[in-house]
Each structure stands twice: as structure tokens, then as C-alpha cells.
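Please look at the sequence and the structure before reading on.

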Amino acid sequence: HAKASRITLRLDDRDATLRFAVSDDGTGFDRSTARLGAGMQNMADRIAAAGGSLEVDSTPGGGTTVRGAVPAAAAGLLQESPGDRQFVGSQQRL
């Protein structure tokens, strides 16, 4: 829906919390007038059930960023080594 050509995915599992951010360079939307669709509500509900939080930032013409945080214990990551990873890629159209 976003007509994005590029996304950035950032994961961070330090301090016993899994944090993520997914950003795109798509069309964005006006948060004050947009309704949360079933997909966005489903993500928010699942993350809240795990004791986490979800936030969406978007502006028309400025892309969208979805950020979230979940306790590492809920994500099953306590035995992983802490670190910071980043992936930058291009959207592929089918």
C-alpha cells in the first residue's frame, strides 16, 4: 500500500528488551485521520500481550516508521548474545 522503494529494518536486543524499527520511504499517511486497520491492530494487540509497546510514525509523503519493544524473555532471547543488527534493502515487486 505504501508504494515504498526502500525499507530499513533495525533490531536491538540489549538490556533484556527486543526493540525493532521498520521504516519505509513510501507515501505515508496522516495519523490524525487514518483508521488502524486489522493488521495494525493485530500487531499492537500481540505486542501488548507480550508486555511490549508499539508506535507508528507517519506523515503524508514522508514514509512510515513502526517501532516496538518487547521484553526479551517474552521473545525468547535471553540466551542470545546482545547486539545491534541492521538490514537495508529494496522492495522487490512480484
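## Basis of the model

The model is predicted; local features need pLDDT of at least 70, side-chain atom pairs count only at pLDDT 80 or more, and totals for chains, interfaces and linings use all residues. Residues are numbered from 1 along each chain as its sequence is written, and side-chain values use heavy atoms, with hydrogens and water left out.

## Overall layout

The protein has two helices and five strands. Here helices (H or I, at least four residues) and strands (E, at least two) are DSSP runs, numbered from the N terminus. Starting at that end, the order of elements is β-β-α-β-β-α-β.

Of the protein's 94 residues, 22% are buried, meaning under 20% relative accessible area with a 1.4 Å probe and protein chains only.

## The largest pocket

The largest pocket holds about 350 Å³ of space. A pocket is an open set of points on a 1 Å grid over the protein atoms alone, where a 1.4 Å probe fits, with protein on both sides within 12 Å along at least five of seven lines; lining residues have an atom within 4 Å of a point. Grid points are joined across faces, edges and corners, and the volume is the space filled by probe spheres set on the points.

The lining of this pocket has 13 residues, and the closest to the centre are His1, Ala2, Asp24, Phe29 and Thr64. Strands E2 (17-24) and E4 (64-71) are the elements that give two or more residues to the lining; E2 supplies the largest share, three residues.

## Threonine 64

Threonine 64 lies in strand E4. Threonine 64 counts as buried because its relative accessibility is 13%. Its side chain makes a polar contact with the side chain of serine 58 at 2.8 Å; such a contact is a pair of N or O atoms within 3.5 Å, and within protein one must be able to donate a hydrogen and the other to accept it, while residues adjacent in sequence count only if both atoms are side-chain atoms.

Beyond neighbours within four places in sequence, threonine 64 is in contact with residues including Val22, Asp24, Gly28 and Phe29.

## Glycine 28

Glycine 28 lies in the loop between E2 and helix H1 (38-49). Its C-alpha atom is 6.5 Å from that of alanine 2, although the two residues are 26 residues apart along the chain.

Note on methods
Buried < 20%, exposed > 50% of the residue type's maximum accessible area, 1.4 Å probe, protein only. Contact = heavy atoms within 4.5 Å.
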